[in-house]
Structures are given as structure tokens and as C-alpha cells.
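Here's a quick briefing for anyone meeting this structure for the first time. Have a look at it first, then work through the points below.

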Amino acid sequence: MKKLFTFLGCVAALGLTSCEPKMSGNPIFEGWYADPHAMIYGDTYWVYPTNSLAFHEQKSMDCFSSKDLVNWTRHEKVLTVDSIKWAKEAMWAPAALERDGKYYLIFGANNVPYGDPYGGIGIAVADNPAGPFSDHIGAPLISTIANNAQPIDQCLFVDDDGSTYMYYGGWGHCNVVKLSYDLKSVVEFEYNGVVYNEGGSINPDSVKFMEVTPRGYTEGSFIFKRNGKYYFMWSEGAFTNSSYNVAYAISDSPFGPFERIGAAILRNETVGNGAGHHSVVNVPGTDDWYFFYHRRPSMQAGPHDRVCCVEKMTFNEDGTINPVAVTAEGVEAREIK
């Protein structure tokens, strides 16, 4: 798949009087990829996606980097099951974080039914955002079931006070947990001034797990903060068909409540369907926001025929999100100064 839009420049021979903008086009890079988690490290955009293959064939992860959102470099097999000894298959939906010069990927691996200790959410570390990543703790960070939330589809959020929270969950349930500074364990956290203790859960570690599931939640949680408000986002529907979509809520607290406001992305099945499992980045020092997501290129595409795309995301005066338009053009080139 080639980019639909390229830089045309100012070509006097064609009678152009101004430069055509350089556009990313959608998809932003070739190949079947899904669940893109975007980060900005320094002056570079990074995207960490799932290799969109049959479930049992997802045994490695690639990533992509760009200086301008238009030209992308592929970094192959930055994480593989060979470097995560407890993971046998189905590595997917990474989340990324930089801390103290180290780069972390938190990912799902294996398929964890109730009581299965051999899979869940793992964490890997590297000295470079392009890897190679190796196991950070030698075991899953979360492998048990709390509040009926499947341990998958995690995202990381560092609040203004330095607290690191992880939101995760499938099977229609979402939990928030607090991570230790070294990202090696789940720790107790305070809620309304007291140490949170849910009590009554089937999980003996439930004092560390809080359910924050909003109405309509399926999977794919993501959270960010803007103007003092917490924007919690998630995927609805089923990733295998056109019902997949992204919705959002706004709260004064990272613990919610998260009351569904509406859809965060508009359907456009003439361009692609099943748009969902996204992430959002903000260009530092600006109010420029970019919405990364996957979609299938046509109604005839198979469930794993997914591509990664990017759109601009804007806000209304009251802070609500203007639903993101699904386009073939993508976004204009944007360097980070």
C-alpha cells in the first residue's frame, strides 16, 4: 500500500501558485498492524502496534518512528517471545513509557482464562526506543482476574504528582491500578484520602484493583489529561466487524466516575471500517493533538487485515472532543521543534 498523498511542491510548470501540503496519507505505513500506541520521545514520533496476524502467530512486535508524521522507519522485531520466556504466543496491544533514560513496553501475552497463571500483562525494557526489549521482571505483571477484567489492552498514565497508573481490561470490564516507580509491581493507592480497599473480591490482591468501567466499554482503554480534566477513552463493539468504535468520558479524577459522553470518531465506511483501539499524543508545548487508530481498508477485508492511521483531534470550547473524521488524507506534516 502506497501513501495516497505525497509532497507535490511548488511546480511553476504546472501553474501552481502555492505549495501543496505534505500529507501523511492513511494508512501511515505499509503492512497489517493494529492497536497503535503512539509516543513522542524528543523530536520523534514513535508508534508501537500489534502485528495483526492470526492470534497464535503474533509472536513478535515491530515499531515505527518518524520526524514528521509522513516518513516512517520500520524497526523490526523489537520485542519477541524469545525474550519473554513465559510468553508463548499472542503478544499484542503494547503501551509505552520512558523513565530515567529507559524505555518500557507493557503488553499482553497468551490468552488468560480464569485461573491461568501463565499469561497476562507483561513489561519489557530497553535502552533505546527501537529496542531490543527484554523482560523487566521475568513474570507477568498481572496474571490473575480482578473484577472480571481480562488482563489485556493496557495503557499507562503518569499524573502531575508523578503517580503512574495503568488502565486495562477486556471482557467488558476495566480496572485501574497504580504501579511502583520502578514499574515492577502493582501497589496500593489512595482514593479520597484513604488507602483503597475494595474488599469482597475473588482476587486476594483486590486491594490494589479498582473497577472504572464506563457504559459501553469493550476494551482498548486510553487516558490523557488536558486543562485539568481526565479524558478516558475506550473501544466499543467488536474488533472483527464495523461495530468497532471509540467513545469517551471526562472526569475531574483519574478514578472517575467516567460517564459516557459520546463517540470520539466518526464512521466512514467508504474509506475504512472498524476504526478503533487508538491512542492520543499531544505535541509538547502546544494544543496540537493526534489520534492514532487502526481500521480495515474495506468491508471485504478479513478481521486481521488492519492498518494504522492518524487524524488530527480538536476540542470544543467546553472541552468536549470534536468527533474525529476518518480520512484517506491523514494529517499534514508536523515536525517537533
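Asp 159 is buried, because its relative accessible area is 9%, below the 20% cut-off for that label. Bear in mind that this is a predicted model. Asp 159 makes a salt bridge with Lys 225, and their closest N and O atoms sit 3.1 Å apart.

**Around Asp 159**
- Asp 159 is in the loop between S9 and strand S10 (164–168), while Lys 225 belongs to strand S16 (residues 219–226), so this pair ties together parts that are 66 residues apart in sequence.
- Lys 225 counts as partly exposed, at 25% relative accessibility.
- There's a network here too: salt bridges link Asp 159, Asp 160 and Lys 225.

**Other salt bridges**
- Searching the whole structure turns up ten salt bridges.
- One of them pairs Lys 102 with Asp 127, with 2.4 Å between the closest N and O atoms.
- That pair links distant parts of the chain, 25 residues apart: Lys 102 is in strand S6 (residues 102–109) and Asp 127 is in the loop between S7 and S8.
- Lys 102 is partly exposed at 34% relative accessibility, whereas Asp 127 is exposed, with a relative accessible area of 59%.
- Arg 295 and Glu 311 form another salt bridge, their closest N and O atoms being 3.8 Å apart.
- Arg 295 is in strand S21 (residues 289–296) and Glu 311 in strand S22 (residues 307–313), 16 residues apart.
- Both Arg 295 and Glu 311 are buried.

- As a rule, most residues other than glycine have a negative phi, and most peptide bonds are trans.
- Lys 77 isn't a glycine, yet its phi is positive, at about 50 degrees.
- You'll find Lys 77 in strand S4 (residues 72–80), and it counts as exposed at 57% relative accessibility.
- Asp 153 also has a positive phi, near 55 degrees.
- Asp 153 is in the loop between S8 and strand S9 (155–158) and is buried, with a relative accessible area of 4%.
- Asn 26 and Pro 27 are joined by a cis peptide bond, with omega about 5 degrees; Pro 27 is in the segment before strand S1 (33–41).
- Gly 131 and Pro 132 are joined by a cis peptide bond as well, with omega about 5 degrees; Pro 132 is in the loop between strand S7 (120–126) and strand S8 (134–135).

**Ser 180 and its surroundings**
- Ser 180 is in the loop between strand S11 (175–179) and strand S12 (186–187), and it's buried at 13% relative accessibility.
- Setting aside neighbours within four places in sequence, Ser 180 is in contact with Arg 99, Ser 185 and Val 187.

Note on methods. Residues are numbered from 1 along each chain as its sequence is written. This is a predicted model: local features need pLDDT of at least 70, side-chain atom pairs count only at pLDDT 80 or more; totals for chains, interfaces and linings use all residues. Side-chain values use heavy atoms; hydrogens and water are left out. Helices (H or I, at least four residues) and strands (E, at least two) are DSSP runs, numbered from the N terminus. Buried means under 20% relative accessible area, exposed over 50%, partly exposed in between (1.4 Å probe, protein chains only). Contact means heavy atoms within 4.5 Å. A salt bridge is a side-chain nitrogen of Lys or Arg within 4 Å of a carboxyl oxygen of Asp or Glu.
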